[in-house]
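Hi,

Here is the structure I promised to pass on. Have a look at it first, and my notes on the salt bridges follow below.

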Amino acid sequence: MKQFEYVKAGSTQGVINALAQPGTKIIAGGTNLVDLMKRGVTAPDKLVDITHLPLKDITATSGRLHIGTLALNSIVSENSLVQKKQPLLSMALKAGASPQLRNMATVGGNMMQRTRCGYFYDTTLPCNKRQPESGCGAKEGYNRMHAIFGTSEKCIAVHPSDMCVALAALDTTVIIAGKKGERKLAFTDFHKLPGDTPELDNHLAKDEIILGIEIPDNNFADHSYYLKIRDRQSYAFALVSVAVALDISNGVIRSARLAMGGVAHKPWRLYDAEKALAGKQPSVPLFEQIARGAMQGAKAYQHNEFKINLASNAVIQALKVASGLVPA
Amino acid sequence: MNKDFIGESLDRVDGRLKVTGAAKYSGEYKPAGLTYGVLVPATITSGILNAIDTKAALRASGVIAVITPFNAPKVPGYQPDAPRPMKGLKLFNDNKIHFNGQPVALVIADTFERATHAASLIKCKYERQSFATNFHENMETNSKPAGEQHKEYVRGEANAYKSAPFIVEESYTLPSEMHNPMELHVTTAIWDGDDKVTLYTKSQGVISSQRAIATAFNLEQKNVQINSHFVGGAFGSSLRTWPHEIAAVQAARMVKRPVRVTLTREQMFLLVGYRPLTVQKIGIGATADGKLVGITHESFSQTATYEDFTERSVNVSRFLYASPNANTRYKIVPLNVGVPAPMRGPGEATGAYALESALDELSYKLNIDPIELRLKNYADVNPETNLPWSSKYLKECYQQGAARIGWDKRAQKPGTNRDGEWLVGYGMGGGAFGAYRGKTQARIILSADGTVVIKSATSDIGPGTATAMVVIAADRLGLSADKITFELGNSALPVAPTQGGSSTVSSVGSAVNDVCVALKQKLYNLSGKPENSTDPIDYTNVLQQHNLPSLELTTESDVNPDAKKYAMYSFSAHFVQVYVHPVTGVVKIKKVVAVVDGGKIINMKTASSQMIGGAVGGIGMAMTEEAVIDDRYGKYINSNFADYHVPVNADIPQIEAIFIDKPDPVLNPLGTKGIGEISLIGVAPAVANAVYNATGRRIREMPITPDKILKG
Ligand SMILES: Cc1cc2nc3c(=O)[nH]c(=O)nc-3n(C[C@H](O)[C@H](O)[C@H](O)COP(=O)(O)OP(=O)(O)OC[C@H]3O[C@@H](n4cnc5c(N)ncnc54)[C@H](O)[C@@H]3O)c2cc1C
């Protein structure tokens, strides 16, 4: 590991100023960044520790739930406002990592966590994300965990977060600060597909900081479900996951939100499926039809062929549970 | 006196030390002047290391030396003219690269972090050669392993199963599984002058480590001291002395300071063995009423190009069932990988997976309950040797396991038992593991205050060895457990065998038994009581009467000469209930019942823990564990705890451990047989069989991940 400088940030503005200097990175819980530094995947010159900044609050105001970037994943998942207003987020967080990791992990760190692709992590193997133009080791390699949607010639990695899948479904807004002040970005526009620039995971500029997120109030609380399918029952990344939020009244789906995890370089929101669900009565045949539609355009590689069927089944199952057709 | 401690539940005598962090593991000794060695991995998979540039590393702060094949002092034991040339990988002895990640250098610095950084600065020039790591593509280029024990075996007629009216002919695949103990492998080496060295190292056998280091460096055995006081799990990965341990000793000699070498988790996948990828072909045939006609069992398993390793995986098919015909064969497939090593339940766990799966398949073909099929072919004597069993209560294992799991709720027709959306299935698997005993010495010291210390150079890799020994001594001496201390993990203690093959209680426990009996005898003699008196005596009074500050005795216990006349095995039956979700492919193991005939049980609590640990290992084998190599690079792609899945709590249901607890009359004076290995054997097939019973889907390639359940 390269020698690096470590400073504690005194203010948000201080962080923004520090980030102007190339080679500087924010450290929050450190659960991803430190691993990447140990493996030599990233080698910052300077770390700015933001964990002392007053960005931990979880508050409900005028139709919105605001969560500061430093609210820990464990705290958010147990928070009563979150559990009452946005249970989907709580479920997704609890499905992620382990209790120990969630006790350190932050909202911003979770959003910014990098892919778990083995080729990205191993500095002796090719990876366009880590080392642009070095090639993609995964495309013809061991790609069991990799994407089936939105891949490019250069990268087939997935974004590994569970939390982000729920946030994408919940029409969240990200609050960002930079040199020019604050800006807001739709959560679904935060992460990007790999395209020709797989080295960039998202649209956050190098000198910007995430301050927090805002989730608009909704009527999904009674019909939300996060289904995560994984190789072991805890402490494993999703093979596929599905976040479902339904607004059901009088037996009819008024409005729906659906997003998948483990299938793309960003949380994969299913807009067409949401439209197709609206105004219909929950039923297995409907959900099967939705799932079929959701898989249009899926493209598999040697070891992740199974994900197409699994993701389709997961959509059906998550809808069944969220709509109350079967117990969880 | 005559307190019956045996079979009670004594808490671990070192439990408090372990949970408070007071127990000192090998990586926690910090002798004055300690330096840190970090291994530099080769980035090619086969070839020659032509040159190595260490300049930048040597300039880096804190770096003391870099050992490479070009400057390493020769290890005497590695040389072909050594009295006993060592086998296996010889680090820094030559410049051949046999597998990806093979260490090409050892950087020594004043801190671990600085050594790690300097290691990243090393540059190598290689001549690349072609390599092979893909097992399945190379399965045909196998060879027959050398050695009498691996010879082809034929009883009756070979392939007789083919003539039977009911046949199963299938192939079963187990991927490579890593031992992955929690504690990393670590060795600290401290030289005292030129001819004495002390090691703190992770070892299952301090005496065998002592011999290996003495051989490697051409030292007198007594001048090598091995300490391994606490071991944070090993599962077979510390049965031998590995090249990085020798490298630590070599480095300490070179820099004239103590050196500690700690493997990284990634290096744990490369340098300390593993259960090898194995494909087993089984043919099994029976008559319509379920009598076996023949079993043919052939095993192909991965080994290294530089050293052969063969598991005795097919042996179980020779003796577990009374089949008139049986033939077995071993094949090994050399690849550019590190050499495998025994792993918990070595051989039998792999073999029983195939045999017990095939038998289950046969039971459905015959439409006979799997337990009944086993009972129909119950071996009353060992069919391989025709020797009587020293003891065998496998029938009782079947009966008790079936009762506890609720076997009567099992549907004979797969895929028909439901609980809501979930498919419910029951499965079982049996197993056997040899019961062993080795020559062992033990010393006992009774002090004037009435406390007793017993010493023997065994190890404790986790089962609770010292606790079991205290129980035995308390029982034999009629003392309370808190008066007794057991010392292990140091090669200066009386000679004991390596902790492996589930033999420690049998070997060391017998020695403890014998030394206690001898001490008691001596005390009775001193007290003037008749030889076989049962009157209680006060030990401290006897010492006082004779003005003795203490009394010390050392005895040696050896195997029972009658043992040759018997087949000696522990037996087990594992029962599993699973829930399988037909839409998501998720498998939940709901309950495990492990029933073991392991002879007399010494300490119920730690023995049950053994059973639970073994069942967890078996669940890992069945459900989660698989080390994956990218064959284009010859490199493991999941060599970390995030991607290589050992089971976690959420994967583990209630595990009920039941012991038959009947003494074996032959193996040793305690009546024990051994439980460490048998606890894992038969678990994986029980899970796979339960999944079949639930779903009608037979998965013949472990681990059983959701995609395999859903595959059409
Ligand atoms: C073994 C393991 C298993 C895991 N399993 C899962 C899982 O199943 N599901 C899941 O969702 N996650 C999983 N995780 C990932 C975990 O959720 C992330 O590591 C964690 O959320 C990162 O948060 P952190 O605060 O520790 O981030 P850090 O490691 O501190 O930072 C990560 C990145 O975020 C940047 N960053 C942090 N805060 C800000 C900010 N406010 N503004 C801008 N940039 C910022 C940092 O610069 C850095 O680049 C797992 C992690 C591990 C190690």
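To start, which residue forms a salt bridge with Arg275(B)? The partner is Glu177(B), and the closest N and O atoms are 2.9 Å apart. Keep in mind that this is a predicted model.

That pair links distant parts of the chain, 98 residues apart. Arg275(B) sits in the loop between helix 7 (265–271) and strand 13 (278–286) of chain B, while Glu177(B) is in the loop between strand 8 (166–174) and strand 9 (186–192) of chain B. Buried or exposed? Arg275(B) counts as buried because its relative accessibility is 0%, and Glu177(B) is buried too, at 2% relative accessible area.

Next up is Arg312(B), which forms a salt bridge with Glu348(B); here the closest N and O atoms are 3.1 Å apart. Arg312(B) is partly exposed at 26% relative accessibility, whereas Glu348(B) is buried at 3%.

There is also a network: salt bridges with shared partners join Lys144(B), Glu152(B), Glu298(B), Arg329(B) and Lys331(B).

One more pair is Asp110(B) with Arg114(B), whose closest N and O atoms are 2.9 Å apart. Asp110(B) is partly exposed at 30% relative accessibility, and Arg114(B) is partly exposed at 31%.

Cheers

How values were computed: Residues numbered from 1 in each chain as written. Chains lettered and ligands numbered in written order. Predicted model: local features only at pLDDT ≥ 70, side-chain atom pairs only at ≥ 80, totals over all residues. Heavy atoms only, no water. Salt bridge = Lys/Arg side-chain N within 4 Å of Asp/Glu carboxyl O. Buried < 20%, exposed > 50% of the residue type's maximum accessible area, 1.4 Å probe, protein only. Helix = DSSP H or I, 4+ residues; strand = E, 2+ residues; numbered from the N terminus.
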